[in-house]
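Here is a walk through a protein model, one element and one contact at a time. Please keep the sequence beside the coordinates while reading.

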Amino acid sequence: MDLAIGPMSASPAISVLMLSHNHVRFTDEVMQSVLAQRWSDWEMVVVDNQSADGSWELIQQCARNEPRINPIRPDQRLSIAGALNLGVRHARGRYIAPIDSDDTWLPQRLERQMGFMEGAGNPDVGVCGSNCLLINAEGHAFATKDYPQSHAGCVRAFWYRNPICHSAALIRKECFERLGAYEEAFDLAQDLALWFRLGQRYRLANLPEYLTRVRIWGANATLRRHREIIAVTLRARRRALSQYGYHAGLAGQVAMAATWLMQWLPARLVRQVFNHLFLPGCTFLWRDVEVVERQARPGPAGKSAPRANTVPHS
């Protein structure tokens, strides 16, 4: 039986979905970034996947102070995809906004993406992401990461990178209802497998703004389990080629072969190789991150960022 507490109200526009597992040191910081959102019509479904570090107790305390937070704890630990699906089943919003339990959002994250998704000309966009700031364990930004804006750009990127950051995504819930849930068979790449499926029926897009902070630190799964991640990522790509009708082209095939070779290198070397060779223009380690942080913050009246509905269609 799932343990859920917290009052339920009329359906919100957005269901924020956080999967928690032993990240108590970041839990309050993550939740504060959600509470600070300028878009306030949301609920937060927090699935604590059997944490043993005090995360569940802190989440319950936060829920007592904020009725929009709905904490859930399964009786036994689930796979990543299984825990996410549990949260999706409890979500009541028209949109799902995932956030990893060590990442944070800029205050305008939901507002900017809702403006785009609800804007004229975008009803066929199934998921909208954004650019990201990379932060360390202490929360200091050290790099930026840009993502392709158009659907065509996302499809081209499929073969050498994940074109949409999961913690930066705003997903129409109808996508899950029509195309199915996260797949446990693709755990650790469940988001990439989902984007492949969504890309068949919906447009994929990213806003050219820095709306999410992604934490890169020692306990990050990308650093600890890179061989597993590479293997399941390649499986997702091969399935997309063989079953979904995608075409990688020569460049994509070369990128997949290079990805296969990467699983035999140390994780930190893998990240450096991808950043400097395979992802030009993606991660700017030389860029003035302080400037990017200032640009990401809401400006004074009359000096807002470019309109969100300017993301190109192709």
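How far apart should the ends of helix α9 (residues 226-243) be, at 1.5 Å a residue? The 18 residues of α9 should span 26 Å, and the end C-alpha atoms are 25 Å apart, which agrees. The expected span is 1.5 Å times one less than the number of residues in the helix. Helices (H or I, at least four residues) and strands (E, at least two) are DSSP runs, numbered from the N terminus.

This is a predicted model, in which local features need pLDDT of at least 70 and side-chain atom pairs count only at pLDDT 80 or more, while totals for chains, interfaces and linings use all residues. Residues are numbered from 1 along each chain as its sequence is written, and side-chain values use heavy atoms, with hydrogens and water left out.

The buried residues of α9 include His 226, Ile 229, Leu 234, Arg 237 and Arg 239. Buried means under 20% relative accessible area, exposed over 50%, and partly exposed in between (1.4 Å probe, protein chains only). After α9 comes Gly 245, with a positive phi near 85 degrees.

A search of the whole structure finds 11 salt bridges, a salt bridge being a side-chain nitrogen of Lys or Arg within 4 Å of a carboxyl oxygen of Asp or Glu. One of them pairs Glu 209 with Arg 112 at 2.8 Å, N to O. This pair links distant parts of the chain, since Glu 209 is in strand β10 and Arg 112 in helix α4 (residues 109-117), 97 residues apart. Both Glu 209 and Arg 112 are buried.

Strand β10 also holds Arg 203, whose side chain meets that of Asp 124 in a salt bridge (3.1 Å, N to O). Asp 124 lies in the loop between α4 and β7 (125-135), so the pair ties together parts that are 79 residues apart in sequence. Arg 203 is buried, with a relative accessible area of 9%, whereas Asp 124 is partly exposed at 34%.

A further salt bridge joins Glu 174 and Arg 178 (3.6 Å, N to O). These residues are 4 apart in helix α6 (residues 173-179), and are therefore separated by about one helical turn. Glu 174 is partly exposed at 28% relative accessible area, and Arg 178 is exposed at 52%. Elsewhere, salt bridges that share partners join Glu 183, Arg 197 and Arg 239 into one network.

Trp 217 lies in the loop between β10 (203-215) and α8 (221-224). Trp 217 counts as buried because its relative accessibility is 13%.
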